[in-house]
Every structure is written in structure tokens, then in C-alpha cells.
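This report is intended for a reader who has the model open alongside the text.

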Amino acid sequence: MNNEQINTINWPDNKLLPAIVQHAISGKVLMQGYMNPDALSHTLNSGDVTFFSRSKQRLWTKGESSGHVLKLVSIDSDCDADSLLVQALPQGPTCHTGSETCWHDNSANSPQLAFLYDLEQIIKARESADPASSYTASLFAKGVKRIAQKVGEEGVESALAAMAGDKEELANEAADLIFHLLVLLRSQSLELNDVVKVLQQRHK
């Protein structure tokens, strides 16, 4: 969406539309706010997700006090043009309680594949941990050669499990493969999202 499309929105009499904010990578639903034309325009122009606060009766940029802003990736309206879906990258927790999202039961909120994003964040946090206390940290300490070797080993073991027709073993080995692949990507300052972008480009 761009500024020229603001007038194509089906604005109600009070000029407020519900705006659902979704994590642009993990797919987690982060929060709901309300936008009027000015809030939508400010969001598009500034790149920081901005709402119209009904309590403050003014424009309110998420994180204007805490610094935990939502960096805009995209905005789309639904088929009736009477609600907004905002894709954003949070710079810290979204909920005022300090939680990642305003829906605290993540099991009800998170797509299964969003766990891969969470796992990436765990791997990133453990990169600088004590190798004696963390298997992940020990991999980073041994260097890219050892990490790459583990990816190769787990790939072979996954293939052997498939050849043997052992579905349970294949699931276990595939989990090991994906974990070590994420560690390898992190060691090269890459993320799973970089791989997904390549797949998306190939799909076009």
C-alpha cells in the first residue's frame, strides 16, 4: 500500500479501522490498534507503525516512549477494504507488559513454523555463551568447519533413515539437520529468512 491508495480504503464514519500487526518473519500476531487516514499516512511516510489512540485522542507511534517501535514492512487491506493487516519487525517486546505479543498464550497464537524463528533467536543468544555450558556455544567455538561437518553428517543420517523407511528416525534426524543448518547460517551472518527469499525468487 502507498499514500495514493489511502483514499481507496472504506473508511467508516469515525474514520477508524482495526489494524492487526503481524510479525513479518515469524507470522505471530503481535497486537491490534486502530488507524485513521492520518495514522496510516504517517506510518507509510515514517516507517514506524502509528495508530490513532482513542484514549489519548491523537496519533500514537508504537514505542514512542519505550523505544520498542514496530518497523513497517508492508500494509494491506482486506477484500472489503475495511480492515488493515500490518506486517512489521518489532524492535523489542510489543506488549506493554513486556511480552512479545499482546496474546500471552503463544501456543494459541504462533504458527508452528514460527518456532524456527524463535529457535534462531535462541541460537543467536547462545553464540557468545560459555562453550562448557552450551552445546550450541561449543559448536560456534569449534568453528565453521565443524559446524559444516555436522550438517553433512545429519544430512547423511536423514537420507539413511528415509532409505530404511524409519519415519520416526527420519523426523529426529531431520530435526538435527535443521538445527545444525540454522547454526551454520548464523555462523555466516545469515538467517533462514535469507534462504526463504531465494526460494521466493525462484518461485516467481
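## Basis of the description

The model is predicted, and local features therefore require pLDDT of at least 70, side-chain atom pairs count only at pLDDT 80 or more, and totals for chains, interfaces and linings use all residues. Residues are numbered from 1 along each chain as its sequence is written, and side-chain values use heavy atoms, with hydrogens and water left out.

Helices (H or I, at least four residues) and strands (E, at least two) are DSSP runs numbered from the N terminus. A residue is termed buried under 20% relative accessible area, exposed over 50%, and partly exposed in between, with a 1.4 Å probe and protein chains only. Contact denotes heavy atoms within 4.5 Å.

## Nonpolar cores

In soluble globular proteins, nonpolar side chains tend to be buried together. A nonpolar core is here a set of buried Ala, Val, Leu, Ile, Met, Phe, Trp, Tyr and Cys residues joined through side-chain atoms within 4.5 Å. The largest such core has 18 residues, and V21, M35, L40, V49 and L84 have the most contacts inside it. At least two residues of this core come from each of β1 (17-23), β2, α1 (37-46), β5 (70-77) and β6 (84-90).

Apart from neighbours within four places in sequence, V21 is in contact with K28, V29, L30, M31, V49, F51, L70, V86 and A88. A second, separate core comprises 11 residues, among them L139, V151, L184 and L185.

## Pockets

On a 1 Å grid over the protein atoms alone, a pocket is an open set of points with protein on both sides within 12 Å along at least five of seven lines, whereas a cavity is a set of points where a 1.4 Å probe fits but cannot get out; lining residues have an atom within 4 Å of a point. Grid points are joined across faces, edges and corners, and a volume is the space filled by probe spheres set on the points. For residue classes, Ala, Val, Leu, Ile, Met, Phe, Trp, Tyr, Cys and Pro count as nonpolar, Asp, Glu, Lys and Arg as charged, and the others, Gly among them, as polar.

The largest pocket has a volume of about 310 Å³. It is lined by 15 residues, of which A24, I25, S26, N193 and V196 are the closest to its centre. Two or more lining residues come from α3 (114-126) and from α7 (192-203), and α7 gives the most, with five. The lining divides into 10 nonpolar, three polar and two charged residues.

The second largest pocket, of about 230 Å³, is lined by M31, Q32, G33, Y34, F51, F52, S53, R54, S55, K56 and W60. Both β2 (29-35) and β3 (50-53) give two or more residues to this lining, the largest share being the four from β2. Its classes are five nonpolar, four polar and two charged residues.

## The cavity

The count is one cavity of 30 Å³ or more. The largest cavity holds about 90 Å³ of space and is lined by E120, Q121, I123, K124, L182, R186, L190 and E191. Both α3 and α6 supply at least two lining residues, and the largest share, four residues, comes from α3. By class, the lining has three nonpolar, one polar and four charged residues.

## Helix α4 and its ends

Helix α4 (residues 135-142) has T136, A137, S138, L139 and F140 as its buried residues. Their cover includes α3, α5 (144-163) and α6 (167-187). At the N-terminal end, S134 caps α4, with a side-chain oxygen 3.3 Å from the backbone nitrogen of T136.

G143, whose phi is positive, near 95°, follows α4 and is found in the loop between α4 and α5. G143 is partly exposed, with a relative accessible area of 21%. G143 and L184 are 41 residues apart in sequence and 9.5 Å apart in space, C-alpha to C-alpha.

S53 lies in strand β3 and is buried, with a relative accessible area of 8%. Not counting residues up to four places away in sequence, S53 touches R58 and W60.

Y117 is placed in helix α3. Leaving aside neighbours within four places in sequence, Y117 is in contact with H23, I25 and S26. Y117 and S133 are 16 residues apart in sequence and 23 Å apart in space, C-alpha to C-alpha.

Key: Polar contact = N/O pair within 3.5 Å; in protein donor to acceptor, adjacent residues only side chain to side chain.
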